[in-house]
Amino acid sequence: MPIDPQTLEKIYSAKEGRRRELARLPFHEKIALLVAMQKRADGILRSTGRPGRIVWKLPSRS
Amino acid sequence: MEATLAVLNDLVARGVIEKYAIGGAVGAIFWVEPFDTVDLDVFVFLPADSPPLDPLRKVISDLQARGYSFEGEFLLIEGIPVQFLPADDPKGLTKAALEKAVAVSYLGGAEPIQAWVLSPEYLIAIALDVHRSKDYERVSRLLKEAPIDRQLVSELIERFALGESWAVFEGRYPEHA
């Protein structure tokens, strides 16, 4: 069943809002999210038998 | 990250570099939604007596003497791969960008640490100058999510002859045209 344009508009608008919210985070929280993405990508690579990738090492508070 | 920034600040304090600012993906991340990247690009002004054919030699030997080593093309400083980029391109774009860098406070540990980040307008200009696909994507993100002075972006496009790249960008991202 196709999604109606209004629902699509709501979904896109919510995604846009979330992006703006993330853009407003403090720098250190963004860096923590970046490292979380690096860890996830590294885990996916290793789980498929490929070499891992660089993951930044931050102290636990960063 | 704060330990890496402390090392960079120490390089400035000891005169190994004159000034630095974070650019590239991490510079953009300061202004937009975070996204994945590998390294920390650091634009630097070097002292006048730096060897012209190997301008980063003193920076690299100073850091190696402190126990930091290369991992591939990056210097690994306190767990973060760093790429130093002398701000001396022939156009003068990176020099102007570093001169206009913004002082920011990074609060990763107990105390905030000062660092410098390129402004979103100069990040856009540098991305247009490099003009890979991921650079155009970065321009789009910055225009959507960062506080942008559009007049300044236009001036930088004109001043640094980036009109051709801007036209390519507008073709790929017509919503910004």
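Q: How many salt bridges does a search of the whole structure find over all chains?
A: Side chains of opposite charge can pair when their charged atoms come close. The rule used here asks for a side-chain nitrogen of Lys or Arg within 4 Å of a carboxyl oxygen of Asp or Glu. Over all chains, the search finds 16 salt bridges. The model is predicted, with local features needing pLDDT of at least 70 and side-chain atom pairs pLDDT 80 or more, while totals for chains, interfaces and linings use all residues. Residues are numbered from 1 along each chain as its sequence is written, chains are lettered from A and ligands numbered from 1 in the order in which they are written, and side-chain values use heavy atoms, leaving out hydrogens and water.

Q: Which residue meets A:Glu21 in a salt bridge, and how far apart are the two in helix H1 of chain A?
A: Helices are DSSP runs (H or I, at least four residues) and strands likewise (E, at least two), numbered from the N terminus. The partner of A:Glu21 is A:Arg18, at 3.0 Å from N to O. Both lie in helix H1 (residues 5-23) of chain A, and because they are 3 residues apart there, about one helical turn separates them.

Q: Are A:Glu21 and A:Arg18 buried, partly exposed or exposed?
A: Buried means under 20% relative accessible area, exposed means over 50%, and partly exposed is in between (1.4 Å probe, protein chains only). A:Glu21, at 42%, is partly exposed, and A:Arg18 is partly exposed at 45%.

Q: What area do chain B and chain A bury between them?
A: Buried area is the accessible area (1.4 Å probe) that two parts lose on being put together, summed over both. Here the value is about 2,200 Å², with 63% of it on carbon and sulfur atoms. B:Pro34, B:Asp36 and B:Tyr106 supply 23% of the area that chain B buries against chain A, more than any other three residues. Counting contacts (heavy atoms within 4.5 Å), chain B contributes 30 residues and chain A 23 residues.

Q: How many aromatic pairs does the search find over all chains?
A: Rings of Phe, Tyr and Trp (its six-membered ring) pair if their centres lie within 6.5 Å; planes under 30 degrees apart count as stacked, over 60 as edge-to-face and the rest as tilted. The search finds 7 such pairs over all chains. In one, B:Tyr20 and B:Trp116 have ring centres 5.7 Å apart and planes at 85°, so this pair is edge-to-face. B:Tyr20 is in strand E1 and B:Trp116 in strand E7 (residues 113-117) of chain B, so the pair ties together parts 96 residues apart in sequence. B:Tyr20 is buried at 0% relative accessible area, whereas B:Trp116 is partly exposed at 23%. The rings of B:Phe169 and B:Tyr173, with centres 5.2 Å apart and planes at 25°, are stacked. Ring pairs also link A:Phe27, B:Phe30, B:Trp31 and B:Tyr106 into a cluster.

Q: Which strands are joined to strand E2 of chain B by bridges?
A: Two strands pair if DSSP finds at least two bridges between them. Strand E1 (residues 19-22) of chain B is joined to E2(B) by 4 bridges and runs antiparallel to it, with B:Ala21 opposite B:Phe43. Strand E5 (residues 80-86) of chain B is joined to E2(B) by 5 bridges and runs parallel to it; B:Leu40 stands opposite B:Val82 there.

Q: How many residues of E2(B) are buried?
A: In this strand (residues 40-45), 6 of 6 are buried. B:Leu40, B:Val42 and B:Val44 point one way, and B:Asp41, B:Phe43 and B:Phe45 point the other way.
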